[in-house]
Structures are given as C-alpha cells and as structure tokens.
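Hi there,

Here is the structure I promised to pass on. Have a look at it first, and then read on for what turned up.

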Amino acid sequence: MKKGVVVYKSKYGSSKWYAEKIAYKCNLECKDLKQIKIDNFKNYEIIIFCGAVYASGVSYKKFLNKNFDKIKDKKIILFFNGASPYDEATFNNVVKSNFSSEIASLPIFYGRGMWDLEKMSFTHRVLSKMLIKMVAKKEGKELQPWEQALMEAKDKSINWTDEKYIEPLVDCVLKLDKKQGE
Ligand SMILES: Cc1cc2nc3c(=O)[nH]c(=O)nc-3n(C[C@H](O)[C@H](O)[C@H](O)COP(=O)(O)O)c2cc1C
C-alpha cells in the first residue's frame, strides 16, 4: 500500500466523518488541514482532500489552489460534500469556479453532508435562515437541487452522510495501488 493521507477541512463534522471513513478503508493517515504544514506532504504519495461546499465554495479551495504546484507530483484526489443531492451541472460549476483547470482534471468525488441549524455558528444560522426565506418565496418556480435540499431541511436536523458516496473514491485509491504492483 502506498503511503497516503486524507486531509479534511470540516466545520460541523461531515467532511471529518468522510475523511475518517476513507482513511480507514484505504489504510491511510487522516489529518485536519489545520494541523498539517505543506512541507509534511512530502512524506506521502497519495493525498486526498476532503471538505464541504459553502455558498458554492469548497472549504479547502484556497489551500489547494495556493499550494498545488508544491504537491502536484503526488497522486491527488478530491472529495467534497454538501446538502444538495448530486447534480452534474452543479457539480461541474462548483469544480470550474473553485479550481484551476489543472486541479479540475484530477479525480473528484461528491457526497451528501449534514444540515443542522441548531449547531451552526451565529453567522451561518442567520445566513441559512435568510436563504430559506428567499427560496420559500420562489413558489411555483423551479428550484435548484441545493435550494430543494434547503426546503427539505429547513430547521430540521438531517444527516445525509452515507458510505456509498465514498465507494468510487475508495476504488480509485485501490486501483492506484494495483497499478503500482503490476
Ligand atoms: C452557510 C452555509 C452555506 C452552504 N452552502 C451550500 C451550498 O452552496 N451547496 C451545498 O450543497 N451545501 C451547502 N451547505 C451545506 C454544507 O455543505 C453541509 O452542511 C456540509 O455537510 C458541511 O460540512 P462540514 O461540517 O464538514 O463543514 C451550506 C451550509 C451552510 C451552513
């Protein structure tokens, strides 16, 4: 097995949950992005970034765009999760608007996260309540997948996390190892 690490940036826990599952299934280390310095990445052959979408921005985008040149000789895989169900157009837009074309061509996977107004920071809760009110006014109009998820969740606590979302990523990592052994 190649030496690798899953690094996560998680505010309320779903990206951390996915990162720990991926690390366990692929026998990799797992670290909070806050606790790792860019120089430490030289110890690894595989690096998996795990984060979440906030207002269409991926939580680790700043770090990755800034440091990509220093780690691009590694096998890099991206995963992010959000409240929205998977939608190809939304996924492609998020990838395109967050990452350089070089990063966008890496293997990238998506899963659903969690939603809990009670646990949110004050700012996130205010923002989320405003969004819910705005979307609720769109009566009769077609809602985007993310807006539909908002209307489904509202003030409920919902956990959509599921190991099925990481299966394709785990296969991708295991194939990397197989290739090495051939
Ligand atoms: C202020 C705010 C904005 C969000 N924006 C989006 C979004 O644009 N698309 C989406 O699918 N989910 C969105 N979400 C949902 C988060 O991606 C989801 O809660 C995720 O599980 C958070 O992961 P984390 O706890 O690991 O940071 C948003 C959540 C909050 C609080």
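Of the 24 residues around the ligand, Y12, S15, A52, G82 and G113 come nearest; a residue is near if its C-beta atom, placed from the backbone, lies within 6 Å of the molecule. Two or more residues of this shell come from each of α1 (14-26), β3 (46-54), β5 (75-82), β7 (114-115) and α5 (122-136). Helices (H or I, at least four residues) and strands (E, at least two) are DSSP runs, numbered from the N terminus. By class, the shell has 11 nonpolar, 12 polar and 1 charged residues (Ala, Val, Leu, Ile, Met, Phe, Trp, Tyr, Cys and Pro count as nonpolar, Asp, Glu, Lys and Arg as charged, the others, Gly among them, as polar).

Please keep in mind that this is a predicted model: local features need pLDDT of at least 70, side-chain atom pairs count only at pLDDT 80 or more, and totals for chains, interfaces and linings use all residues. Residues are numbered from 1 along each chain as its sequence is written.

Now to the domains, whose bounds come from an automatic or database domain assignment. Domain 1 (4-113 + 161-181) and domain 2 (115-159) both give residues to the shell, so the ligand lies between them. Their C-alpha centres lie 25 Å apart. The contact takes 8 residues from domain 1 and 10 residues from domain 2, where contact means C-beta atoms, placed from the backbone, within 7 Å.

Overall, the chain has 7 helices and 8 strands, and its C-alpha atoms fill a box of roughly 55 × 30 × 30 Å, taken along the principal axes.

Best wishes

Note on methods
Contact = placed C-beta atoms within 7 Å.
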